[in-house]
Amino acid sequence: MKSNKNKVAFLGPSGTFSEAAGLYFVANSDLKLVPYETIFDAIKAVENEETEKAVVPIENSIEGSITTTMDLLVNSDVLIEKEIDLPIVNNLLVLPGAKISKITDVISHPQPIAQCQNFLRTTWPKVNTHKADSTADAASLVAKWKKPNFAAIGHANLAKLYGLEIAASNINDYKGNMTRFVVIGQDQPKPSGKDKTSMVFSLAKDQPGSLYKVLGEFAKRKLNLTKIESRPAKKEIGDYLFFIDLEGSVQDKSVAEALEIVQDTASFFKLLGSYPKGVVI
């Protein structure tokens with residue numbers, strides 16, 4: 001077994017919103033954050049026992065689910081152990097002295113670019129956008145290229161880390177921009193009294209009404225669904241995976257009964273985790 005003791009993977013490098021969520025998670029503990037280049041690498045670090053846990057984004061209040069994270073959870077043996085809700089404040093970062101009116105190209109992770117579309121198109125109708133693996137990666141590239149017409153979008157801390165300036169702050173298109181991060185591991189947390197359970201399943205296409213039956217089992221037991229989303233199963237057209245979050249722990253009798261029926265009805269079922277509800281940091 002590899003030495004993974006006290007290590008927590010996060011989407012790096014330093015300065016990302018994932019690091020901010022990770023710092024909250026490891027605060028007042030002996031856990032150490034370790035940066036990885038992609039969400040795939042961070043989750044695989046746990047699966048391959050390079051780290052004990054990982055902190056990765058799973059959903060944004062504006063752009064919705066982080067599909068990379070969801071797809072990886074389906075095909076991995078890791079579990080969600082905790083969730084963290086982080087307010088997101090995006091900033092436009094430029095080289096020192098660069099003029100905002102001269103910007104022609106903006107680079108960042110796809111999520112921040114999507115979260116700031118109105119600002120970008122209003123400020124520069126013909127701006128070119130470029131995708132980076134992370135906001136920190138984008139900031140480092142702007143600093144490295146030394147092109148005053150390039151800007152990055154990211155956390156304010158990136159300006160100091162990479163010698164950039166904040167040309168515009170809080171450029172989110174919508175107020176209340178929030179990203180939900182999850183702590184990934186291989187343990188099942190004990191019930192806290194305020195829990196959430198996440199699952200994914202698929203249904204046989206030749207069984208009409210099967211989704212209605214599944215949802216009815218939750219309604220019958222007065223279980224509150226906080227999320228239901230379908231995603232292509234990546235097999236053939238019309239084949240879908242259903243992701244559901246509900247309030248309650250797998251150790252609650254009503255939740256356990258409902259999950260048993262879902263497993264009997266589904267052609268595929270996977271428990272993604274049962275964990276304490278998230279807190280806004």
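Which residues of helix H2 (residues 39–47) are buried? Select H2 and colour Ile-39, Ala-42, Ile-43, Ala-45 and Val-46, which are its buried residues. Buried means under 20% relative accessible area, with over 50% counted as exposed and values in between as partly exposed, for a 1.4 Å probe and protein chains only. Helices (H or I, at least four residues) and strands (E, at least two) are DSSP runs, numbered from the N terminus.

The model is predicted: local features need pLDDT of at least 70, side-chain atom pairs count only at pLDDT 80 or more, and totals for chains, interfaces and linings use all residues. Residues are numbered from 1 along each chain as its sequence is written, and side-chain values use heavy atoms, with hydrogens and water left out.

**Around H2**

Look down the axis of H2: its buried residues fall within an arc of 150°, so they line one face of the helix. The arc is that of the directions from the helix axis to the C-beta atoms. Next, show strands S1 (7–11), S2 (32–36), S3 (53–60) and S11 (178–185) together with helix H3 (67–74); the buried residues of H2 pack against these elements. Contact means heavy atoms within 4.5 Å. Just after H2, select Glu-49, which has a positive phi of about 65°.

**H2 and H3**

Keep H2 and H3 on screen. Their axes are 10 Å apart and the packing angle is about 30°. Axes are lines fitted to C-alpha atoms, for helices over the stretch in contact, and angles run from 0 to 180 degrees between N-to-C directions. H2 and H3 are therefore roughly parallel to each other; angles under 35 degrees count as roughly parallel, over 145 as roughly antiparallel, 65 to 115 as roughly perpendicular and the rest as oblique. On the H2 side, select Ile-39, Phe-40 and Ile-43, which meet Thr-68, Thr-69 and Leu-72 in H3.

**H1**

Move to helix H1 (residues 17–26), which is mostly covered, with 7 of its 10 residues buried. The buried ones are Phe-17, Ser-18, Glu-19, Ala-21, Gly-22, Phe-25 and Val-26. After H1, select Asn-28, where phi is positive, near 60°.

**H8 and H9**

Finally, show helix H8 (residues 210–220) and helix H9 (residues 253–265), whose axes come within 9 Å and cross at roughly 170°. The two, H8 and H9, are therefore roughly antiparallel to each other. From H8, select Ser-210, Lys-213, Val-214, Glu-217 and Phe-218; from H9, select Ala-258, Ile-261, Val-262 and Thr-265, and the contact is in view.
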